[in-house]
Amino acid sequence: MKQKMIGLFLVLAMVVTVLPTSAAAAQPAPLAISQEGLDLIKQFEGFTAMPIADGSQWSIGYGSACDPADYPYGITEEEAEVLLLEAVELYEEQLNGFLETYGVQLEQYQFDALVSITYNLGPSWLSASYRFWDMVIKGLEAYSDNEIASAIGIWCHVGTAINTSILQRRITEIRLFLYGDYAGTASPDFTYLIFDANGGQVEHDVMLYQELGPYDVLPQVSRTGYHFSGWYTRDGRPIQEGDTAQESLTVYARWEEAGDAEDETPEVPADPPGEGEVAGEFSDVVPTDWYFEAVTDLTEAGLLSGYSDGTYRPLDDVTAGQALKVILLAADFPEQAPVNSHWASGYQTLALQSQMLDDGDVADLDAPITRQVVAKLACNAMALERSTAASVFSDTDDGYVMALYEAGILEGSLDAQGRRMFYPDDTLNRAEFARMVWSMVNR
């Protein structure tokens, strides 16, 4: 009897030993950030004992959001770490859930790098529609280090402007993700090129390259009515594929006016919002995207639509024609028939006749529209009075912008110094535009 019990115990022990291994092979165990990873986040964030206002919220400790009334005497580093861990645990759970959904396994140092990025960006970047996550899901071995670095490095914007301090943080996280280098000193460093399309449209406005390696790929760029003649530094030096990446630079597109029409390849314009085939669900908009609710609600309301290939293209610039039509319809103006060959000409005529815009505000209905003109159009379309209050923005004191801010329709964004910025001369992408129009409708 004793031998039978021993035998049964051995069998059970074998089962217990085998089952976890099999289960682990089928389903990777959730990861948690290491102490090295936690220390890296603390290094990035820095410690603040008293609450500070960064424009959009109050924060304390290692960048934790707070109500300043809860901390009249400040906080210790130990208390700050508790708040940090609470946030990190939430991001660990969300990141593990995403990885589990797609059956992705990561090394500890890769997981640490992604938790750090998520702590900085929030969880909205956990979307398979983004280039980086598409690479992760398909298998990183199919991509070069430069491709992976550029796909991560693109998350360095404040509003639409590239923030080089955030970009340097991304580079440190990239070196950890690719090489397990927590110190950022024992692995290949990266330089970057910032691309100014100089009136055109560029595929990616920043790309990363291993230092002293080649510029293996430069982004695609286009401008209606012009031929691209190359990328140049501010002092006129050309930058070409194959050149050695020696330093981080901003480069500018040069253009030549196109020749005779018969020598040009005609550009096929994309369908504007409201003119393309409406897709019930867009292949490039998923529930984890910060603009998902806005795009979905406005599509269901018939104010926005996607393209005939089933995409929404959230990062594309909004053109003047698109903005005119959608904003005027959102403000309950009736649909306008074209007054000439352009599909949006009726909306432009309405805006001019109603003095919502002035002559010269929109020169080209197919060109990207600036944030300043969008603010003017939206404010006037909604019959809001221009604000006379002191501006909360560091880069504009415009009354239209402040009226929309006071109405809760726009907030702007914070730069590296914590200043609230509007970037009035920048363009607006389709994700940002959808969120603004959604705020108009739900005001």
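**Figure 1. Tyr192 in strand 6 of the predicted model.** Tyr192 is part of strand 6, which spans residues 190-196, in a model that is predicted. Its relative accessibility is 10%, so Tyr192 counts as buried. Setting aside residues up to four places away in sequence, Tyr192 touches Thr164, Leu167, Gln168 and Ile171, together with Val206, Met207, Leu208, Glu247, Ser248 and Leu249. Between Tyr192 and Ile171 there are 9.3 Å from C-alpha to C-alpha, at a sequence distance of 21 residues.

**Figure 2. The chain as a whole.** The chain contains 13 helices and 14 strands. Of its 443 residues, 44% are buried. Among contacts in the chain with a separation of 6 or more, 60% join residues 24 or more positions apart.

**Figure 3. Nonpolar cores.** In soluble globular proteins, nonpolar side chains tend to be buried together. The largest nonpolar core in this model has 104 residues, and Phe132, Trp133 and Ile327 have the most contacts inside it. Phe132 is in contact with Leu114, Trp125, Ile148, Ala151, Ile152, Trp155 and Phe177, when its neighbours within four places in sequence are left aside. Another core, of 15 residues, lies apart from the largest one; Phe195, Ala197, Tyr215 and Ala245 are among its members.

**Figure 4. Helix 5 and its buried face.** Helix 5 covers residues 131-138, and Phe132, Trp133, Met135 and Val136 are buried in it. Viewed down the helix axis, these buried residues fall within an arc of 155 degrees, so they line one face of helix 5. An α-helix has 3.6 residues a turn, so residues three or four places apart point the same way. The packing partners of the buried residues of helix 5 are helix 3 (77-102), helix 4 (108-121), helix 6 (145-153) and helix 7 (164-179).

Figure 5. Lys138 belongs to helix 5. With 57% relative accessibility, Lys138 counts as exposed because the cut-off for that class is over 50%. The C-alpha atoms of Lys138 and Tyr102 are 9.5 Å apart in space, while the two residues are 36 residues apart in sequence.

**Figure 6. Crossing of helix 8 and helix 13.** Two packed helices are described by the angle between their axes and the distance between the axes. For helix 8 (residues 292-300) and helix 13 (residues 430-441), the axes come within 8 Å and cross at roughly 65 degrees. The crossing of these two helices is left-handed. On the helix 8 side, the contact is made by Glu293, Ala294, Val295, Asp297 and Leu298; on the helix 13 side, by Ala434, Arg435, Val437, Trp438 and Val441. Sorted by class, this contact has seven nonpolar and three charged residues, and no polar ones.

Figure 7. Most residues other than glycine have a negative phi, and most peptide bonds are trans. Leu212 is not a glycine, yet its phi is positive, at about 70 degrees. Leu212 sits in the loop between strand 8 (206-210) and strand 9 (221-222). Its relative accessibility of 63% means that Leu212 counts as exposed. Asp332, also not a glycine, has a positive phi of about 75 degrees. The loop that holds Asp332 runs between helix 9 and helix 10. Asp332 counts as exposed, because its relative accessibility is 72%.

**Figure 8. Buried His342 in a loop.** His342 is located in the loop between helix 9 (320-330) and helix 10 (345-353). Its relative accessibility is 16%; buried means under 20%, so His342 counts as buried. Not counting residues up to four places away in sequence, His342 touches Leu365 and Asp366.

**Figure 9. Buried Ser387 in a loop.** The loop between helix 11 (371-381) and helix 12 (399-406) contains Ser387. Ser387 has a relative accessibility of 14% and therefore counts as buried. With residues up to four places away in sequence left out, Ser387 touches Gly399, Met402, Ala403 and Glu406.

Key:
Residues are numbered from 1 along each chain as its sequence is written. This is a predicted model: local features need pLDDT of at least 70, side-chain atom pairs count only at pLDDT 80 or more; totals for chains, interfaces and linings use all residues. Side-chain values use heavy atoms; hydrogens and water are left out. Axes are lines fitted to C-alpha atoms, for helices over the stretch in contact, and angles run from 0 to 180 degrees between N-to-C directions. Helices (H or I, at least four residues) and strands (E, at least two) are DSSP runs, numbered from the N terminus. A crossing is left-handed if the near helix is turned anticlockwise from the far one by less than a right angle, and right-handed if clockwise. Contact means heavy atoms within 4.5 Å. Ala, Val, Leu, Ile, Met, Phe, Trp, Tyr, Cys and Pro count as nonpolar, Asp, Glu, Lys and Arg as charged, and the others, Gly among them, as polar. Buried means under 20% relative accessible area, exposed over 50%, partly exposed in between (1.4 Å probe, protein chains only). A nonpolar core is a set of buried Ala, Val, Leu, Ile, Met, Phe, Trp, Tyr and Cys residues joined through side-chain atoms within 4.5 Å. The arc is that of the directions from the helix axis to the C-beta atoms.
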